[in-house]
Amino acid sequence: MGLLVDGKWVDQWYDTKQSGGRFMRSQSQWRDWITADGKPAPGRTRGFKAEPGRYHFYVSLACPWAHRTLIFRELKKLQNLISVSVVHHYMGENGWTFLAEDGATGDDLYGFDYLHQIYTKADPSYSGRVTVPVLWDKKEQTIVSNESAEIIRMFNSAFDEWGDASVDLYPKALRGEIDALNDMIYPAINNGVYRAGFATTQAAYEEAFSELFSMLDKLEDRLSSQRYLTGDRLTEADWRLFTTLVRFDPVYVGHFKCNLRRIADYPNLSNYLRDLYQVPGVAGTVNMLHIKSHYYGSHTTINPTRIVPVGPQIDHDLPHNRDRFRKAA
Ligand SMILES: N[C@@H](CCC(=O)N[C@@H](CS)C(=O)NCC(=O)O)C(=O)O
């Protein structure tokens with residue numbers, strides 16, 4: 001695990017000393033947008049036009065942020081428009097690598113060994129973390145974006161000429177509500193599990209832990225009277241929550257010490273998780289080998305033996321009771 005400093009790789013774990021033991025996620029630095037007309041997004045100077053075959057995508061199947069983008073690629077039927085390379089699940093002293101093993105593909109574009117070489121190809125003097133997902137422009141040979149929250153918004157609409165324009169996961173009428181849900185769920189749950197797991201003081205851990213479970217309790221209650229987070233329609237907010245929920249019992253309960261309750265102990269959240277998992281195309285994006293091996297195998301500060309637990313046994317294909325609510329639009 002490390003980062004680039006002026007284009008040079010430095011092997012270094014997260015620094016929590018400046019923040020009272022709290023894990024602070026850094027801001028993604030590549031923030032351009034692909035748009036249907038190629039004009040720069042508001043506030044940006046560089047434009048990237050949506051074109052079939054022009055863009056490539058670097059992901060990890062372990063990573064919840066990359067996972068959202070893969071789900072959008074499936075649901076919006078962009079598989080033939082945007083190609084994908086999958087990094088190896090082990091993130092060690094060289095960061096993410098292109099070791100083509102266990103279902104990792106290697107780097108399909110340049111044959112590089114490490115993901116950090118993609119970052120320095122785009123900017124030889126880049127300083128910062130080398131994260132997935134990375135949305136790559138094959139034409140300009142540069143990174144468009146390494147921020148999943150923005151990549152899913154691009155996928156939702158920029159490629160509608162070729163993808164499935166009938167699927168809209170960020171509908172205009174629900175945008176305010178989706179944004180408000182994201183603003184609560186991201187810090188407490190999506191990033192909350194990391195804040196608990198990577199905390200290096202008891203106080204920082206307990207702060208994250210209590211915010212996490214109080215938000216899960218709230219969502220359990222919300223999902224007792226409606227099928228999805230905004231009501232009867234599946235949206236971006238649900239998919240952003242899904243990628244954390246599906247990792248929760250197998251990884252976050254044990255590895256990140258998020259063990260007050262399992263998702264299996266929440267009747268509504270566990271049925272909701274199965275409901276989302278069973279949406280056509282989604283199960284194929286969930287790779288438990290990559291998920292478990294990555295977390296337990298890569299974070300040696302919290303799991304020095306790198307032993308990957310065998311359980312728990314979970315069957316997301318079991319029936320759920322969520323269709324008792326009104327059908328999705
Ligand atoms: N804000 C980014 C976060 C991405 C991120 O942190 N990815 C993790 C994997 S789950 C990563 O690549 N971490 C490597 C590092 O921090 O060095 C996004 O949502 O795209």
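The C-alpha centres of domain 1 and domain 2 lie 22 Å apart, with the bounds, 2-157 for domain 1 and 172-324 for domain 2, coming from an automatic or database domain assignment. Where the two meet, domain 1 gives 25 residues and domain 2 gives 29 residues to the contact; a contact here means that the C-beta atoms of two residues, placed from the backbone, lie within 7 Å. On the side of domain 1 that touches domain 2, helix α1 supplies the largest share, seven residues. That side divides into twelve nonpolar, eight polar and five charged residues, where Ala, Val, Leu, Ile, Met, Phe, Trp, Tyr, Cys and Pro count as nonpolar, Asp, Glu, Lys and Arg as charged, and the others, Gly among them, as polar.

Before going on, keep in mind that this is a predicted model, in which local features need pLDDT of at least 70 and side-chain atom pairs count only at pLDDT 80 or more, while totals for chains, interfaces and linings use all residues. Residues are numbered from 1 along each chain as its sequence is written.

Let us look at α1 itself, residues 64-75. Helices are DSSP runs of H or I with at least four residues, and strands are runs of E with at least two, numbered from the N terminus. Eleven of the twelve residues of α1 are buried, so the helix is largely enclosed by the rest of the structure. Buried means 20 or more other C-beta atoms within 10 Å of a residue's own, these atoms being placed from the backbone; 12 or fewer is exposed, and in between is partly exposed. The buried residues of α1 pack against β5 (55-59), β6, α3, α4 (175-190) and α7 (236-252). Just after α1, Lys 77 takes a positive phi of about 55 degrees.

Now to the ligand. Of the 13 residues around the ligand, Cys 63, Trp 65, Arg 129, Thr 131 and Ser 148 come nearest, counting a residue as near if its C-beta atom, placed from the backbone, lies within 6 Å. By class, this shell has seven nonpolar, four polar and two charged residues.

An unreviewed UniProt entry places a "binding site" at residues including Trp 96 and Ser 148; such annotations may be inferred rather than shown by experiment. Ser 148 is found in helix α3 (residues 148-157), and Ser 148 counts as buried because 25 C-beta neighbours lie inside 10 Å. Trp 96 sits in the loop between β6 (82-86) and α2 (115-122) and is buried, with 28 other C-beta atoms within 10 Å.

Technical notes
Expected span 1.5 Å × (residues − 1).
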